[in-house]
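Dear colleague,

I am handing over the structure below, and my notes on it follow. Please read them alongside the coordinates.

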Amino acid sequence: MSRSNKVAVPLSKAALQQMKYEIAEEFGLYSYHSHSNGDDTEFAGELGSVPQTTGSVYWSQLSTRQAGSVGGEMTKRLVAQAESVLNGYI
């Protein structure tokens with residue numbers, strides 16, 4: 001079985017990125033501050049163009065468990081949201 005990180009609905013990419021940063025911040029893993037130029041902080045931080053703030057961690061510095069926790073929580077919330085929508089149709 002092949003796996004892909006391709007976003008099924010390209011227009012949802014920004015919303016998924018925002019959700020990722022919000023959940024990471026809730027878990028105390030990352031301090032997210034939006035940038036007006038639209039750069040992805042994930043990569044900008046690795047290049048050193050985004051100053052690290054107290055209490056924040058760049059994605060490259062997260063453990064697999066921490067990153068997986070964020071992804072798992074995203075999945076959990078997306079499934080709950082889909083179930084909520086589908087329950088409206090049943």
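What share of the contacts in the chain with a separation of 6 or more comes from residues 24 or more positions apart? Such residues account for 54% of them, a contact being heavy atoms within 4.5 Å.

This is a predicted model, in which local features need pLDDT of at least 70 and side-chain atom pairs count only at pLDDT 80 or more, while totals for chains, interfaces and linings use all residues. Residues are numbered from 1 along each chain as its sequence is written, and side-chain values use heavy atoms, with hydrogens and water left out.

The chain has three helices and zero strands, in the order α-α-α along the sequence; helices (H or I, at least four residues) and strands (E, at least two) are DSSP runs, numbered from the N terminus. Of its 90 residues, 22% count as buried, that is, under 20% relative accessible area with a 1.4 Å probe and protein chains only.

Helix α1 covers residues 13-26, and at 1.5 Å a residue its 14 residues should span 20 Å, which agrees with the 20 Å between its end C-alpha atoms; the expected span is 1.5 Å times one less than the number of residues. Within α1, Met19, Lys20, Tyr21, Ile23 and Ala24 are buried, and after the helix comes Gly28, with a positive phi near 75 degrees.

Glu73 lies in helix α3 (residues 64-87) and is buried, at a relative accessible area of 16%. Leaving aside residues up to four places away in sequence, Glu73 touches Ile23 and Phe27.

Best regards

Technical notes
Buried means under 20% relative accessible area, exposed over 50%, partly exposed in between (1.4 Å probe, protein chains only).
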